[in-house]
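Look at the structure first, then read on.

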Amino acid sequence: LHSTIVMPYLTHYGTKEQQEKYLPPMTSGACIGSIGMTEPDAGSDLQGIRTNAKKDGTDWIINGSKIYITNGWLTDCCVVVAKTGDAKRAAHGVSLFLVDADTPGFHKGRKLQKLGLKGQDTAELFFEDVRVPASALLGRENGGFYQLMEQLPQERLLIAVHSIAICEAMFEETREWVKQRKAFGRRVADLQTVQHKLAELKTSIAVCRAFVDQS
């Protein structure tokens with residue numbers, strides 16, 4: 001997520017000053033990035049977010065919360081998705097902000113417990129009157145929703161590649177296991193129902209792999 005999802009937002013929409021400030025430490029690992037999209041009442045529906053940013057002079061004041069944020073516990077800089085306008089269509093009033101973890105009012109909540117992917121933490125984030133300068137705006141004001149729509153397909157493709165690789169590995173593990181495991185006086189692999197099930201799984205995995213390779 002840090003290098004393949006967060007950093008592209010900076011390379012595509014960041015100003016020269018933002019890129020010079022964040023990309024070198026992100027590349028070296030000195031700065032861990034995250035992106036705050038999901039909220040308790042807004043998951044895949046990004047137009048339904050409630051976190052908002054209001055202008056105060058030249059600054060912005062951010063209030064709201066995020067949940068299920070990958071790298072949220074370790075994050076040094078978060079790309080925060082927030083409402084910034086009162087447009088008739090919610091998609092026209094969303095912007096992105098670069099918020100440093102040490103900014104007053106930025107609080108990290110509990111680290112969430114997960115079944116897998118232990119190498120990346122997942123946490124809650126809270127923003128209470130977080131003041132950021134105008135230079136924290138990433139990309140166009142009220143253009144954040146369209147920036148997200150441009151980048152999310154890459155994220156989804158990465159998830160697809162990761163998922164199919166896991167499926168293939170688990171299938172091979174299962175195939176080796178049923179060859180060794182014995183039940184009812186013979187190998188599990190010799191049971192016709194198991195053979196049919198493995199054939200169905202392999203077919204589904206192969207089809208998925210074909211779709212991913214052609215994406």
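## An enclosed strand

In β5, 6 of the 7 residues are buried, so this strand is largely enclosed by the rest of the structure. Buried means under 20% relative accessible area, exposed means over 50%, and partly exposed lies in between, with a 1.4 Å probe and protein chains only. Helices (H or I, at least four residues) and strands (E, at least two) are DSSP runs, numbered from the N terminus.

The model is predicted: local features need pLDDT of at least 70, side-chain atom pairs count only at pLDDT 80 or more, and totals for chains, interfaces and linings use all residues. Residues are numbered from 1 along each chain as its sequence is written, and side-chain values use heavy atoms, with hydrogens and water left out.

Strand β5 pairs with strand β4 (residues 77-83); the two run antiparallel and are joined by 7 bridges. Two strands pair if DSSP finds at least two bridges between them. Across this pairing, Leu-96 in β5 stands opposite Val-81. β5 also pairs with strand β8 (residues 137-138), again in the antiparallel sense, over 2 bridges. Here Phe-97 has Leu-137 in β8 as its bridge partner.

## The nonpolar core

In soluble globular proteins, nonpolar side chains tend to be buried together. A nonpolar core is a set of buried Ala, Val, Leu, Ile, Met, Phe, Trp, Tyr and Cys residues joined through side-chain atoms within 4.5 Å. The largest nonpolar core has 26 residues, and Tyr-9, Met-26, Leu-138 and Leu-148 touch the most other members. The elements that give two or more residues to this core are α1, α2, β4, β5 and α3. Its largest share, 6 residues, comes from α1.

## Salt bridges

How many salt bridges does the structure hold? There are 13. A salt bridge is a side-chain nitrogen of Lys or Arg within 4 Å of a carboxyl oxygen of Asp or Glu. The table lists some of them.

| Pair | Distance, N to O |
|---|---|
| Arg-50 and Asp-41 | 3.6 Å |
| Arg-131 and Asp-56 | 2.6 Å |
| Glu-200 and Lys-197 | 4.0 Å |

The salt bridge between Arg-131 and Asp-56 links distant parts of the chain: Arg-131 is in strand β7 and Asp-56 is in strand β2 (residues 52-56), 75 residues apart. Arg-131 counts as partly exposed because its relative accessibility is 41%. Asp-56 also counts as partly exposed, at 39%. Salt bridges that share partners join Asp-56, Asp-59 and Arg-131 into one network.

Glu-200 and Lys-197 both lie in helix α4 (residues 192-213), 3 residues apart, which is about one turn of the helix. Arg-50 and Asp-41 are both exposed.

## Pockets and a cavity

Both kinds of space are found on a 1 Å grid over the protein atoms alone: a cavity is a set of points where a 1.4 Å probe fits but cannot get out, and a pocket is an open set with protein on both sides within 12 Å along at least five of seven lines; lining residues have an atom within 4 Å of a point. Grid points are joined across faces, edges and corners, and a volume is the space filled by probe spheres set on the points.

The largest pocket has a volume of about 650 Å³. It is lined by 23 residues, and Leu-1, Ile-5, Thr-70, Glu-155 and Ile-159 are the closest to its centre. α1 (2-13), β3 (59-70) and α3 (144-180) each supply at least two residues of this lining, and α3 gives the most, with 7 residues. By class, the lining divides into 11 nonpolar, 9 polar and 3 charged residues. Ala, Val, Leu, Ile, Met, Phe, Trp, Tyr, Cys and Pro count as nonpolar, Asp, Glu, Lys and Arg as charged, and the others, Gly among them, as polar.

The second largest pocket holds about 170 Å³ of space. Its lining includes Glu-17, Tyr-22, Leu-98 and Arg-131. α2 gives the most to this lining, with 4 residues.

The largest cavity has a volume of about 30 Å³. Thr-4, Ile-5, Pro-8, Tyr-9, Gln-151, Gln-154 and Glu-155 line this cavity. α1 supplies the largest share of its lining, 4 residues.
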